[in-house]
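Q: Hey, I'm new to this one and could use a quick walk through it. Can we take it a bit at a time?

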Amino acid sequence: MNKLNSYTRIDIMDYLRGFALLGVLLVNSYQVLGGFSSSELHDKLYFIFNGKFFPILFFLFGFGCYLFMNRSKQKVNNRYLLFLRRISFLFVLGLIHTFYAPPGINDVLMFYAVLGLFIIMFFKRKEWTNLLLTITLIALSIVTAFSQPYYGERIVWLELLSTISKWLSFMMLGFTMGQFKFFEKVYGKLKYISIFLIFNICTYVTLFYVKRVIDITPAGIEVLEGYTVAFIMTSSLLIILQWDKAKVILTPLKFYGQMSLTNYLAQSALLIVFSIIIGFTPINSLIVCFIIHAILITFSIVWLRYFKMGPVEWLLRYFTYWSKIPNRKKSVRNDLESV
């Protein structure tokens, strides 16, 4: 069972996870603390990026599903049972998070688990079939959003269908990109990523001017904007990470993302602590955001010097395989034994 932990990490995914965590806290800290003490800058950043970072997390979860099923297929039997145990544990974590998370924070772990049941049906499908499904889901989310009335209350079932299609499309896109082995060969694809980035920037600029011209913004434009912003941020980071110096500078982001599950849950806990502190000593919510990031990034760097994975990641691995997997790094263990 120790072989289950012996795989090469795709470090670019950790950078993306860390980047997404930066944005999630940027939005959540405003929702929790903005009413106490927010700045004009934090107000603007919130309205620009609200809801724009979660698509990256759903994309990464879908890619993680591909890695899990592919590696489990090579090493153990009953990989579907293992996957069900994995998402069941995520659901329980999400339920716990929902109870202690401050008001205004929406948990994503339970959505991971529920939507993860859907993509089980497509684990054995070919990559081109799944790509067609992904495109269909993207189109469905946009069409149903445009079908909403411009004035008055939105139609509930259309909004639900659009929302589910959107999140599923990001998960399926991540899974499909895994099947195409895109991130295993991402270095050297600068040309294609740049073209994709330019296309999305042009789309976003067009949407921006359309919103300025019309009085009421259709829900479909909001959905389209969500896709384009998520694609712009992801593509930009992929291009930046093509350079080794950029990877070195952004190394703390990689450690942050390597413990993404632990840090995601810890962000909510620290927001509770700072919401109490702000009640006595007012602190700008954006400053709190930076402080929490500094605490968790430092914690991640120190923790990963001694352990292979974060504490919650280790628990997830334990309940998935129902076997204790060594987490302490051997070199550190030997140093401690020699003292």
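Q: Where is Val 92 found?
A: Val 92 sits in helix H4, which covers residues 79-100. Keep in mind that this is a predicted model.

Q: Is Val 92 buried, exposed or partly exposed?
A: Val 92 has a relative accessible area of 43%, so it is partly exposed.

Q: And how far is Val 92 from Ala 113, C-alpha to C-alpha?
A: Their C-alpha atoms are separated by 9.2 Å. Along the chain, the two residues are 21 residues apart.

Q: OK, switching to helix packing. At what angle do H1 and H9 pack?
A: Helix H1, residues 11-33, packs against helix H9, residues 219-240, at about 135°. The axes of H1 and H9 are 11 Å apart.

Q: What do you call H1 relative to H9 at that angle?
A: The angle makes H1 oblique to H9. Roughly antiparallel would take an angle over 145 degrees.

Q: Left-handed or right-handed crossing?
A: H1 passes H9 in a right-handed crossing.

Q: Which residues make the contact?
A: On the H1 side, Ile 12, Tyr 15, Leu 16 and Phe 19. H9 brings Met 233, Thr 234, Leu 237 and Leu 238.

Q: How many of those are nonpolar, polar or charged?
A: The contact of H1 with H9 has seven nonpolar residues and one polar residue, with no charged ones.

Q: Let's talk charges then. How many salt bridges are there?
A: The count comes to six. As a general point, side chains of opposite charge can pair when their charged atoms come close.

Q: Which residues are linked in a network of salt bridges?
A: Arg 154, Glu 159 and Glu 222. Glu 159 bridges to Arg 154 with the closest N and O atoms 4.0 Å apart. Glu 222 also meets Arg 154 in a salt bridge, at 3.3 Å from N to O.

Q: Where do Glu 222 and Arg 154 sit in the chain?
A: Glu 222 is in helix H9, while Arg 154 is in the loop between helix H6 (127-146) and helix H7 (156-179). The pair is 68 residues apart, linking distant parts of the chain.

Q: What are the relative accessible areas of Glu 159, Arg 154 and Glu 222?
A: Glu 159 has 37% and counts as partly exposed. Arg 154 is partly exposed too, at 35%, and Glu 222 is partly exposed at 39%.

Q: What does Lys 211 form a salt bridge with?
A: With Glu 225, and the closest N and O atoms are 3.1 Å apart. Lys 211 lies in helix H8 (residues 190-213) and Glu 225 in helix H9, so the bridge ties together parts that are 14 residues apart in sequence.

Q: Buried or partly exposed, for Lys 211 and Glu 225?
A: Lys 211 is partly exposed, with a relative accessible area of 30%. Glu 225 counts as buried, because its relative accessibility is 11% and the limit for buried is under 20%.

Q: Is Trp 322 buried or exposed?
A: Trp 322 is exposed, with a relative accessible area of 55%.

Methods. Residues are numbered from 1 along each chain as its sequence is written. This is a predicted model: local features need pLDDT of at least 70, side-chain atom pairs count only at pLDDT 80 or more; totals for chains, interfaces and linings use all residues. Side-chain values use heavy atoms; hydrogens and water are left out. Axes are lines fitted to C-alpha atoms, for helices over the stretch in contact, and angles run from 0 to 180 degrees between N-to-C directions. Helices (H or I, at least four residues) and strands (E, at least two) are DSSP runs, numbered from the N terminus. Angles under 35 degrees count as roughly parallel, over 145 as roughly antiparallel, 65 to 115 as roughly perpendicular and the rest as oblique. A crossing is left-handed if the near helix is turned anticlockwise from the far one by less than a right angle, and right-handed if clockwise. Contact means heavy atoms within 4.5 Å. Ala, Val, Leu, Ile, Met, Phe, Trp, Tyr, Cys and Pro count as nonpolar, Asp, Glu, Lys and Arg as charged, and the others, Gly among them, as polar. A salt bridge is a side-chain nitrogen of Lys or Arg within 4 Å of a carboxyl oxygen of Asp or Glu. Buried means under 20% relative accessible area, exposed over 50%, partly exposed in between (1.4 Å probe, protein chains only).
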